[in-house]
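Me: I'd like to learn how to read a structure like this one. Can we go through it together?

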Amino acid sequence: MFFRDKYQVTRHICPRNCYDTCPILAYTQGGKIAYITGDKEHGASEPLCCKQEEILSTVYHPQRLLYPQKQTARGSGIWQPISWEEAIDTIARKILELKERYHSTLPLCLNKYSGNFGLMHYSVEGMFNGLGPTTQTTGTPCFSSGLDAQRLDFGANAAADIRQMLEARLIILWGINPAWTAVHTMPVIYAAQARGAKVVVIDPVYTETARKADYYIELRPGGDAALVILLLQKLAKMDKLSYNADQVTGAEELLATVAKMPAAPLLQAAGQNKAAIDFLADLLANHHPTHIWAGFGLQRHIQGGLTIRLIDALGQLTGNIGVPGGGVNFADKGMDIFPYKIAGQRADTRFVNINNFAHSLKQLNDPPVKFLWIACRDLLRQDVNLTELRQLWSQLELIVVADKFLTHSAQMADIVLPVTTEFEELDVYGGYFRHWLGINEPAIPPRGEAKSDVDIARLLTRRLNELAPGTSTFPAHLSDEQFLDAEFTPAVCQQIGIKKWQDLYNGIAFYRHDPIPWRDGKFATDDGKFHCCTLPANFPQLLPSEKYPFHFLTPHGQESINGQNHALQNCLPEYPPVYINPTVGKKLQLQDKHPAIIWNEMGQIMVTVEFRQDMAPDILLSHQGNSKMGGLNALNAGLPTDLGQLTTDAVGVAFYDVFVNIRPK
Ligand SMILES: Nc1nc2c(c(=O)[nH]1)N[C@H]1C(S)=C(S)[C@@H](COP(=O)(O)OP(=O)(O)OC[C@H]3O[C@@H](n4cnc5c(=O)[nH]c(N)nc54)[C@H](O)[C@@H]3O)O[C@H]1N2
Ligand SMILES: Nc1nc2c(c(=O)[nH]1)N[C@H]1C(S)=C(S)[C@@H](COP(=O)(O)OP(=O)(O)OC[C@H]3O[C@@H](n4cnc5c(=O)[nH]c(N)nc54)[C@H](O)[C@@H]3O)O[C@H]1N2
Ligand SMILES: [Mo]
């Protein structure tokens, strides 16, 4: 904290699961945050993105939860304010009762994800693990198949420092929409363009990023693997592929398989013609280094892992790995350096795949889950397979939601607990793409009776141990500072070049990651070589059918992070806007700006039709968090992706392999 003019200035780091992980300064006067800015001297994220409105207004939002409440009947909307003592006592007694009934703590279940990934928030896992073996989720909806793909090929997850793009002559933005999802990386892309780099966007949707690019390839969803194979074929013919056999395993086999594949079905799978392939191959052959940014969007398909593996191979075989300005960049797992002592990990946790939550939970009978704690998560909005999830609700005897707002999930809970924002608590966070980490220091005291997740963990632990001594081993006596001390071991401090975590009060610190991964040609795999994937005989791609003729894409929206659109409520439409090509729409008797129903075997939802000239004829598009209703995932079966198990203990989810039909309302 320091003082500037008449303001107290505190440092923060956006904890919201975004590529940019922006360092932020909060200017506070008279106990109220007046405004926030990017911390220009550290990370140059100024001005902040359009979500800053939401970030700050969340703190003072009239609908923010400020007191614990209980609901008379789930979904009734009849809430009664209760004291923290009563809330925690009710929860503690239920935990003890279930433990006694089942002689086990497995009926207790935690589902926590994207709301805040700060270190201190792992106290929620710690609170659960302190009780004994419980049921928890593993895996991630974000990026598990891509993580595995890169782990298999390179041996670890590493991405170049984004400033490396300045050295690139060609930048391929592949299944990523940074103009929305990583806004502060765009200036680097513009600067690279100004220095002569060409930018190509490969996406089934003509995105905001595509508008800024030099070239746009409109790809069929899931057609990326086919596209890479076509490029490898063409580049091989041009004699533009090369590799050092000492550094690569499996290249010969991959290229031999690729050479035998007939082009026609590949072109169809990718939705391309030969001219487009020739053009892209020429670009790759004549622009070195090429920087590929492979986004999370393209691995949200059943073959997502294979797709990323093929793109890795393309990067390697064109000599773009380990060179300044190059790389196939996906994610950089900086936060993995921490021991996560606060989470108190244990070997006997009963894990279920976060991407298959409802279904997995229904299978668990020995013992069944009876108690659900939801934190940093709006399950009933963001999870897949919502119908089964709603069915699951009736088996649960107590549902607790810790959140800042009465989310879709909270509306169906028994007890809601109000949590603090990143301006009211101490924490450290470091993201998954930038090479830095930073601190969140309290700018103001918690509003109302809100409490941080770690304070809630302490309260519940203490009450449990009062009622039945020895119930929990969570170290509730430790202060926030002591928890952080334990995470910043000497080894961790060394890796980020600081002496102690308090040094972060002076600004962000950088992980000592190589800005150019794999520069020495040595990889983290068993044999130290880059591993080319093996192609299956028939590589899978799901396509629209007569019954469900539209691919339904629901990527991340501009104005909100995931479902966190609470501060936008007044300007959000009731029903999700769904974009459709006007010619197709008119054939189906749809009218622009009019209501329609989209449906598939999972169910149906009400939407508003939006005609958009640039939409492919067989795609419907709607963005996460773009309406009050939500519900997009009611149509999403949550098909598993091919990879994810290795790195995250669970396969990923094919969010974008959803097929629907549409009719006027
Ligand atoms: N503004 C904003 N920023 C965010 C978020 C947010 O909700 N809003 N969420 C954050 C989180 S949690 C995440 S995981 C990231 C995700 O951010 P991104 O990595 O950008 O991922 P998506 O938005 O899922 O998809 C990116 C693009 O992939 C395209 N795509 C879909 N299928 C395919 C395909 O088969 N092939 C190709 N080539 N492209 C395809 C989509 O049309 C979309 O334009 O963003 C983070 N940042
Ligand atoms: N259709 C479709 N669905 C998707 C996706 C998609 O692309 N398409 N993407 C998926 C992806 S990649 C992700 S990451 C998920 C995200 O979905 P979720 O994991 O549900 O995450 P968010 O919507 O970001 O935030 C969830 C809640 O966390 C709360 N929260 C914020 N800070 C805190 C805190 O400090 N403590 C507590 N207890 N709560 C807090 C917020 O108020 C919010 O209500 O959605 C997935 N769902
Ligand atoms: Mo995500």
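Reply: Buried means under 20% relative accessible area with a 1.4 Å probe, counting protein chains only, and strands are DSSP runs of E with at least two residues, numbered from the N terminus. This is a predicted model, where local features need pLDDT of at least 70, side-chain atom pairs count only at pLDDT 80 or more, and totals for chains, interfaces and linings use all residues. Residues are numbered from 1 along each chain as its sequence is written, chains are lettered from A and ligands numbered from 1 in the order written, and side-chain values use heavy atoms, leaving out hydrogens and water.

Me: Which way do the side chains of strand 2 point?

Reply: In a regular strand, side chains alternate between the two faces of the sheet. Here Tyr7, Val9, Arg11 and Ile13 point one way, while Gln8, Thr10 and His12 point the other way.

Me: How many bridges join strand 2 to strand 3?

Reply: Strands pair if DSSP finds at least two bridges between them. Strand 2 and strand 3 (residues 23-29) run antiparallel with six bridges, and Gln8 has Thr28 as its bridge partner. Strand 1 (residues 2-4) is also antiparallel to strand 2, with three bridges; Phe2 partners Val9 there.

Definitions and conventions
Buried < 20%, exposed > 50% of the residue type's maximum accessible area, 1.4 Å probe, protein only. Helix = DSSP H or I, 4+ residues; strand = E, 2+ residues; numbered from the N terminus.
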